[in-house]
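Have a look at the picture first.

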Amino acid sequence: MQGDRRTVPPDDAAPAGHLADNIAYFARALRTAGLPVGPGAVVDAIAAVEAAHIGTRADFYWTLHAIFVTKHAQSVIFDQAFRLFWRRRALVEKLIAALSPIAPGEQTSKDKPKPGAERVATAFPTGTREPPPPKRALELSAQFTMSDRERLASRDFAQMSAAEIAEAKQLIARLVLPQDKVTTRRWRADPRGRRIDARASFRRALATGGHFVDLAWRQRAERHPPVVALVDISGSMADYSRLFLHFLHALAERRPVASFVFGTRLTNVTRALARRDPDEALASASLLAKDWEGGTRVAASLAQFNRQWSRRVLGQGAIVLLFTDGLEREVTPELGAAMDRLHRSCRRLVWLNPLLRYDGFQARAGGIRAMLPHVDEFRTMHNLNAMTALVAALSVKGEDADPRRWLLPAA
Amino acid sequence: MTSLPSSIDETLALLGSAGYVADRPLATVLFLALRMGRPLFLEGEAGVGKTEIAKVLAGALGRRLIRLQCYEGLDVASAVYEWNYAAQMMAIRLGEAAGETDRDRLEADVFSERYLLKRPLLQALEPDTAGPPVLLIDELDRTDEAFEAFLLEVLSDFQVTVPEFGTIRADSPPIVLITSNRTREIHDALKRRCLYHWVDYPDAERELAIVKARLPNAPAELTREIVAFVQAIRKQDLFKAPGVAETLDWASALVELDAVALDPAVVSDTLGVLLKYQDDIQTMQGSAVKAMLDAVQAELKAA
């Protein structure tokens, strides 16, 4: 971006008024993409561009950046929007055409969009089409009723279209997070507490010269226990694991979440997922893990986790979410041993298995039979309803997901 | 009062004189910490001698060692200071009985240093005749993140603020060593203020020197075998590899048993001194011990 020395707009003859219009259109696109850009910012931006005597594309970029971006997380969106909007003279024209309420613009889509690109891309055509005829408007409004939401919630992640996945991601971001808490050994002031806070009481007593002692109380502080997630990213799981990582990203808002992905080897993606923007977080996590959609070695990955990480991340009463289908090719005693060690190192081990979505699921596979005795809960994770169920289960101790149930009938 | 070492070699010699066999990287980072007046953050597996560094340093420099053992829920009242409420109440009562009515005087009197109970972090800021003390903040990973925030002020400015009293500043900053077993990641903000060193398992040569320094009466042949065996066992796929502390325990256990050389039976019987997880003991038990012992002894003969 900075290396590009072309002037903007490339057509020197473009009148200043044209640029002002473009900035206004650009601001509108940013607003649709989710940036809080008000009309004041547009005026500021035009003034800034005029004041800065823009010479290069990079100058132009950073001038607009200074005005429109107010949080670090918005930089990605801005970058994508800028690239899309100001890429070439022709495209600028095209996008202006797309933004004008006369003709619908063409929308190019790539297979692998950059983080945030999808949201930006959907931001551009909005409001571009002609107002639909009343009859069509009725249809449109009918699409966004509760039944639509419910249909999406019960739809298998693997069968979702790109648009549905995008909508699912938004629903995940808005998910009500689990309310489970554990008491810590730390105290906090609480008027309804059970213990006398001697220090605070004494300070209060001094206010009356010690004549009255107005007792202050304290209570044990509570916090959300950390979650440690081990996510299988092998080929058979890829459709599910991406949305599950979105779920983890949402979960990390309230509590410490340590995330690991594994296919043939284990990768710690905690830092990558800590980025504010979910798309950006997922993209940087994908860069870290080199074994997406490959094979899987559950036993080796778990053993590696036990050796290298369990002592570092499981110390604070962590809940482990193990996300895998358990279809290990070669089942060795190491798998059971690794699961046993993992189970005894954490407070609660929840196995999430998308295979459980089938009604006729039976614990037949050797890997599944080896792993089941060592988990506290066995749940499915293949659609939004399952995600909501997991949230509910984390809030209370889940009795309905007893893993032994699956071992009994097949035994 | 011993003065601070003026070079890395002197630091090595200082630790060596107190019976701690350090490697050069450790001596370098310790020297820098002493020179720059920065806290030293030591991380490593349990039993590699992190706490020992502080003890030895305090002993060798003739400084006072102030130790703050961390645990979950550690708060200001037990780490920094606490007011002696009972004595304060008594003072107020006595003041009343004597007809004292001036509130300002009462308050100034009650919140004076006399009623301040000093906890380790505050003690470390006090001047000492033997020179600034060595402050050991042990196993910091055992507390929660909230406690790390208290440390930030202490570690960057070497001062503590008591609201009723004012800011207490150290005239000469203490030597601060922080240890962590890495059961949790320490926040970057705290690490930034420190020099960092990962204390690793020692190599064979250094471990031999450590055992010889600590257990001079152990038979030389036995010591060599013990160290070679422990070095070999660390290469195995174990959940918890034995630390230096375990090596020393094992060596003294074998000396107590009057062993002159290792044999499979003795190793199997005393494996619990070395390995602390049942899974690990099980994988090492029986033929594995014998095979490893044979390999170790053959290697020692060849050397």
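Helix axes here are lines fitted to C-alpha atoms over the stretch in contact, and angles run from 0 to 180 degrees between N-to-C directions. Helices (H or I, at least four residues) and strands (E, at least two) are DSSP runs, numbered from the N terminus. This is a predicted model: local features need pLDDT of at least 70, side-chain atom pairs count only at pLDDT 80 or more, and totals for chains, interfaces and linings use all residues. Residues are numbered from 1 along each chain as its sequence is written, while chains are lettered from A and ligands numbered from 1 in the order in which they are written.

**Two helices in chain B**
- α11 (residues 220-234) and α12 (residues 244-256) of chain B pack at about 140°, with axes 11 Å apart.
- That makes α11(B) and α12(B) oblique to each other (under 35 degrees is roughly parallel, over 145 roughly antiparallel, 65 to 115 roughly perpendicular, the rest oblique).

**A sheet in chain A**
- Three strands make an open, antiparallel sheet in the order β1-β3-β2 (chain A); strands pair if DSSP finds at least two bridges between them.
- The edge strands of chain A are β1 and β2 (195-196), each pairing on one side only.
- 5 bridges join β1(A) to β3 (residues 217-223) of chain A.
- A:Arg188 sits opposite A:Gln219 in β3(A).

**Where the chains meet**
- 18 residues of chain A are in contact with 18 residues of chain B.
- β1 (182-189) and α10 (198-207) of chain A are among the elements that each supply at least two residues to chain A's side.

Methods:
Two residues are in contact if their C-beta atoms, placed from the backbone, lie within 7 Å.
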